[in-house]
2 protein chains.
Amino acid sequence: FFSGTGKKVLIVYAHQEPKSFNGSLKNLADEVLSKQGCSVTISDLYAMDFKPAATRSDIIGELYNPDHFNYRVECFEAYKKGRLAKDVLEEQKKVLDANLVIFQFPVYWFSMPAIMKGWIDRVFIQGFSYGIPGFYDEGFLKDKKALLSLTTGGDEGMYLPTGANGDIKYLLWSMQHGMMHFCGFQVLAPNVCYGMDNVTEEKRKEMLDAWAHRLQKIWEEKPINCQPSGYF
Amino acid sequence: FFSGTGKKVLIVYAHQEPKSFNGSLKNLADEVLSKQGCSVTISDLYAMDFKPAATRSDIIGELYNPDHFNYRVECFEAYKKGRLAKDVLEEQKKVLDANLVIFQFPVYWFSMPAIMKGWIDRVFIQGFSYGIPGFYDEGFLKDKKALLSLTTGGDEGMYLPTGANGDIKYLLWSMQHGMMHFCGFQVLAPNVCYGMDNVTEEKRKEMLDAWAHRLQKIWEEKPINCQPSGYF
């Protein structure tokens with residue numbers, strides 16, 4: 001019996017260096033989940049040279065309103081007509097196939113690196129991931145789970161409520177509520193690896209072991225509360 | 001007497017459509033501040049085709065550690081040696097020259113559009129905007145002011161403490177504290193224009209008038225509290 005048999009996982013990964021700790025976390029997730037019987041797909045954004053900017057070229061052919069370019073409206077119309085750029089359609093297909101999406105990245109400026117933010121901006125199009133109505137608990141991806149797996153340069157103490165950066169849950173809010181929960185995702189607890197700027201080999205190994213251990217039972221996890229009233 | 005005489009303003013602007021409301025807010029700021037005697041520079045990111053992704057090509061010549069690419073470390077070393085990419089150096093010069101930086105953008109997913117996040121990732125290099133030590137109140141840009149001027153699709157009610165999106169100050173936190181305050185900027189109150197998806201012409205005019213009115217006395221404004229202990 002394999003706990004992940006039939007499950008599909010998408011890892012959206014943003015690090016330039018395959019030998020980085022982010023690369024190790026990504027490879028470990030791939031390995032552990034594959035051994036469970038999961039089918040794992042990886043979008044390695046830098047290796048793919050993924051385009052981050054939301055531009056006219058994301059819509060194939062004529063615009064809905066050529067006199068006034070509104071990215072949200074144009075993408076919504078293009079989505080309905082199957083006229084989104086090929087790279088966006090490919091990522092959307094990976095998301096649709098997935099039971100779980102893992103975002104693996106180093107924190108850049110209290111958020112994702114721009115290349116991953118661009119993935120969100122371009123892939124989570126109205127009509128695909130949400131509707132109006134059809135967001136938060138009614139978001140179109142509500143049958144899927146998602147989690148942030150991230151590394152920080154600064155130590156854990158900086159991200160405590162008393163730390164200079166403030167409680168890490170504040171910086172996670174935009175991503176966990178505004179991006180993931182908005183699309184309906186059941187948000188699992190983040191995997192946070194702190195203090196990569198000054199980490200020992202022993203501590204690295206501990207963090208990898210903890211991640212592997214957690215992934216063994218990932219399918220049993222319940223989502224965290226991402227409602228404004230319960231999150232803080 | 002002109003209140004802005006000798007002052008320099010940089011507007012970092014991210015909208016694809018010159019006729020957009022973001023474009024109008026940007027043009028209005030340019031006009032009002034120029035009339036005050038300020039010198040205004042605009043970085044129109046989509047028009048510049050600004051590169052958002054943090055990659056190897058941001059460092060000219062040899063790497064500090066060719067065996068393991070660490071973007072922060074490589075950019076810090078390249079900064080010290082004057083070997084950052086030309087477009088990054090040009091933006092850094094604009095920031096250094098400015099007394100006030102205005103970020104003008106539509107909210108994408110509780111944050112900036114990826115093209116503007118990439119501007120932050122690539123321009124605010126260690127050594128230029130901050131040091132270790134040398135961040136938050138000691139950030140290297142502490143003699144400058146900055147503010148977010150943003151538009152939302154959703155109505156103001158969605159961004160109230162009781163709204164589905166939660167209090168807007170939560171989504172502003174990553175940007176105001178984690179990006180601007182981290183570099184030392186004195187953060188002025190954000191200019192938030194809500195509900196652009198369903199706005200009347202009358203309301204648009206009101207928002208433009210309010211922005212122009214505020215900009216008249218912008219140099220008298222005191223920064224908001226961006227400390228974790230005072231922000232929320």
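Modeller: Along the sequence, chain A runs β-α-β-α-α-α-β-α-β-α-β-β-α-α. That makes 8 helices and 6 strands, taken as DSSP runs numbered from the N terminus (helices H or I, at least four residues; strands E, at least two). This is a predicted model, where local features need pLDDT of at least 70, side-chain atom pairs count only at pLDDT 80 or more, and totals for chains, interfaces and linings use all residues. Residues are numbered from 1 along each chain as written, chains are lettered from A and ligands numbered from 1 in the order written, and side-chain values use heavy atoms, without hydrogens and water.

Now helix α1 of chain A, residues 21-35. Its 15 residues should span 21 Å at 1.5 Å a residue, and the end C-alpha atoms are 21 Å apart, so the two agree. The expected span is 1.5 Å times one less than the number of residues.

Which residues of α1(A) are buried? They are A:Phe21, A:Asn22, A:Gly23, A:Leu25, A:Lys26, A:Leu28, A:Ala29, A:Val32 and A:Leu33. Buried means under 20% relative accessible area (1.4 Å probe, protein chains only). Their cover includes the strands β1 (8-13), β2 (39-44), β3 (100-106), β4 (145-151) and β6 (191-193) of chain A. Helix α7 (201-216) is also among the covering elements. After α1(A) comes A:Gly37, with a positive phi near 105°.

Back to the whole chain. Buried residues make up 56% of the 232 in chain A. Of its contacts (heavy atoms within 4.5 Å) with a separation of 6 or more, 77% join residues 24 or more positions apart.

Conventions. Buried means under 20% relative accessible area, exposed over 50%, partly exposed in between (1.4 Å probe, protein chains only).
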